[in-house]
Amino acid sequence: NAWDSFIDAVAAAISTFTPYSPANITAPITVTSSPFTYTNTDGMPEMVYIQNGAVASVTKNGVNIGLAMPLGILLAPGKSIIVSYPSGGAPSMFKDY
């Protein structure tokens with residue numbers, strides 16, 4: 001009957017489901033000229049770490065979120081941060097996802 005067919009279809013779909021699993025990767029971010037915009041294009045939330053350098057501002061959604069180094073920022077997929085710094089003062093950045 002239709003109900004049994006529906007249950008079979010749901011069971012088949014569930015059996016192919018792959019649960020979310022963090023990639024567990026740490027990778028450097030290549031910092032270019034200031035102001036530097038970094039966008040999370042990895043398709044999963046990631047932590048972005050900023051350290052060293054002479055950072056003048058870090059903004060997320062138009063809000064200055066801090067200058068204390070090192071700085072860790074949780075960044076959802078598709079979201080960006082903007083890091084500004086003087087010439088010769090580029091920070092080191094890396095991501096963990």
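Let's start with a pairing: strands E2 and E7 (residues 80-84) run antiparallel and are joined by four bridges. Keep in mind that this is a predicted model. In general, strands of a sheet pair through backbone hydrogen bonds, either parallel or antiparallel.

Who faces whom along this pair? Phe 36 stands opposite Val 83 in E7, and Thr 39 has Ser 80 of E7 across from it. These two strands belong to an open sheet of four strands, ordered E2-E7-E4-E5, with antiparallel pairing. At its edges sit E2 and strand E5 (63-64), each of which pairs on one side only.

The peptide bond from Ser 34 to Pro 35 is cis, with omega near -5 degrees. Pro 35 is found in the loop between strand E1 (26-29) and E2. Asn 52 has a positive phi of about 60 degrees although it is not a glycine, and its place is in the loop between E3 and strand E4 (57-60). Asn 61 also has a positive phi, near 55 degrees, and is found in the loop between E4 and E5. Asn 52 counts as partly exposed because its relative accessibility is 48%, whereas Asn 61 is exposed at 63%.

Now for the loop between E2 and E3. Asn 40 lies there, and this residue counts as buried, with 1% relative accessibility. A polar atom of the Asn 40 side chain lies 2.9 Å from the backbone nitrogen of Asp 42.

Asp 42 has another partner. How many salt bridges does a search of the whole structure find? The search finds one. Lys 95 forms a salt bridge with Asp 42, and the closest N and O atoms are 3.0 Å apart. Lys 95 lies in strand E8 (residues 92-96) and Asp 42 in the loop between E2 and strand E3 (46-51), so the pair ties together parts that are 53 residues apart in sequence.

The ring centres of Tyr 49 and Phe 94 are 4.9 Å apart and the planes are at 25 degrees, so the pair is stacked. With Tyr 49 in strand E3 and Phe 94 in strand E8, 45 residues apart, the pair links distant parts of the chain.

| Residue | Relative accessible area | Class |
|---|---|---|
| Lys 95 | 13% | buried |
| Asp 42 | 24% | partly exposed |
| Tyr 49 | 27% | partly exposed |
| Phe 94 | 25% | partly exposed |

Finally, a look at the surface. Trp 3, Phe 6, Ile 7 and Val 10 form a nonpolar patch there, with about 410 Å² of accessible area together. One of them, Ile 7, is found in helix H1 (residues 2-15) and counts as partly exposed, at 38% relative accessibility.

Technical notes: Residues are numbered from 1 along each chain as its sequence is written. This is a predicted model: local features need pLDDT of at least 70, side-chain atom pairs count only at pLDDT 80 or more; totals for chains, interfaces and linings use all residues. Side-chain values use heavy atoms; hydrogens and water are left out. Two strands pair if DSSP finds at least two bridges between them. Patches are made of residues with over 30% relative accessible area and no salt bridge: like charges are joined within 9 Å, nonpolar side chains (Val, Leu, Ile, Met, Phe, Trp, Tyr) within 5 Å. Accessible areas come from the Shrake-Rupley method with a 1.4 Å probe; for residues, only the protein chains shown count as cover. A salt bridge is a side-chain nitrogen of Lys or Arg within 4 Å of a carboxyl oxygen of Asp or Glu. Buried means under 20% relative accessible area, exposed over 50%, partly exposed in between (1.4 Å probe, protein chains only). Rings of Phe, Tyr and Trp (its six-membered ring) pair if their centres lie within 6.5 Å; planes under 30 degrees apart count as stacked, over 60 as edge-to-face and the rest as tilted. A polar contact is a pair of N or O atoms within 3.5 Å; within protein, one must be able to donate a hydrogen and the other to accept it, and residues adjacent in sequence count only if both atoms are side-chain atoms.
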